[in-house]
Amino acid sequence: MADDELEAIRRQRMAELQAKHGNAPNDQQAQQDAQQREADMRNSILAQVLEQSARARLSNLALVKPEKAKAVENYLIQMARMGQLGGKISESGLIEILEKVSQQTEKKTTVKFNRRKVMDSDEDDDD
């Protein structure tokens, strides 16, 4: 009887492992589908909000500084969802937005000099 129970436990465990490994590719596929849907949604919102020249500038920026372009895209999408945009944004409007984002994310570098006082050995040489 112990062998039958052990065999049942083995079959159950094997089925669990197969289900787990069988679902892993499906989970990856689901994640990829979700990412694709999100990217499509972002692109459609940006297409509605930006003129063609502004979209070209934003895509050029994405090639050079992807994190900055992503921040601008998020800003534009947020403004569009809140209804703060009064129409399509031109290239000059996008440049203004880029300047705002640059000022907000600009890293301020400060240099602090810590001068240490060292004992002056010239006093001993004057004897």
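Biologist: What share of the 127 residues in the protein is buried?

Modeller: Buried residues make up 15% of them. Bear in mind that this is a predicted model.

Biologist: Why is Glu 73 called buried?

Modeller: Its relative accessibility is 17%. The cut-off for buried is under 20%. Glu 73 therefore counts as buried.

Biologist: Where is Glu 73 found, and in which helix?

Modeller: Glu 73 lies in helix 3, residues 66-82.

Biologist: Which residues does Glu 73 touch, not counting those up to four places away in sequence?

Modeller: Arg 42, Leu 46 and Leu 58. Contact here means heavy atoms within 4.5 Å.

Biologist: Leu 58 also belongs to helix 2. How do you know that helix 2 and helix 4 cross, and at what angle?

Modeller: The axes of helix 2 (residues 52-64) and helix 4 (residues 91-105) come within 8 Å. They cross at roughly 35 degrees. The crossing is right-handed.

Biologist: Which residues make the contact?

Modeller: Helix 2 supplies Ser 53, Ala 54, Arg 57, Leu 58 and Leu 61. Helix 4 supplies Glu 91, Leu 94, Ile 95 and Leu 98.

Biologist: How do the residues of that contact divide into nonpolar, polar and charged?

Modeller: There are 6 nonpolar, 1 polar and 2 charged. Ala, Leu and Ile count as nonpolar, and Arg and Glu as charged.

Technical notes
Residues are numbered from 1 along each chain as its sequence is written. This is a predicted model: local features need pLDDT of at least 70, side-chain atom pairs count only at pLDDT 80 or more; totals for chains, interfaces and linings use all residues. Side-chain values use heavy atoms; hydrogens and water are left out. Buried means under 20% relative accessible area, exposed over 50%, partly exposed in between (1.4 Å probe, protein chains only). Helices (H or I, at least four residues) and strands (E, at least two) are DSSP runs, numbered from the N terminus. Axes are lines fitted to C-alpha atoms, for helices over the stretch in contact, and angles run from 0 to 180 degrees between N-to-C directions. A crossing is left-handed if the near helix is turned anticlockwise from the far one by less than a right angle, and right-handed if clockwise.
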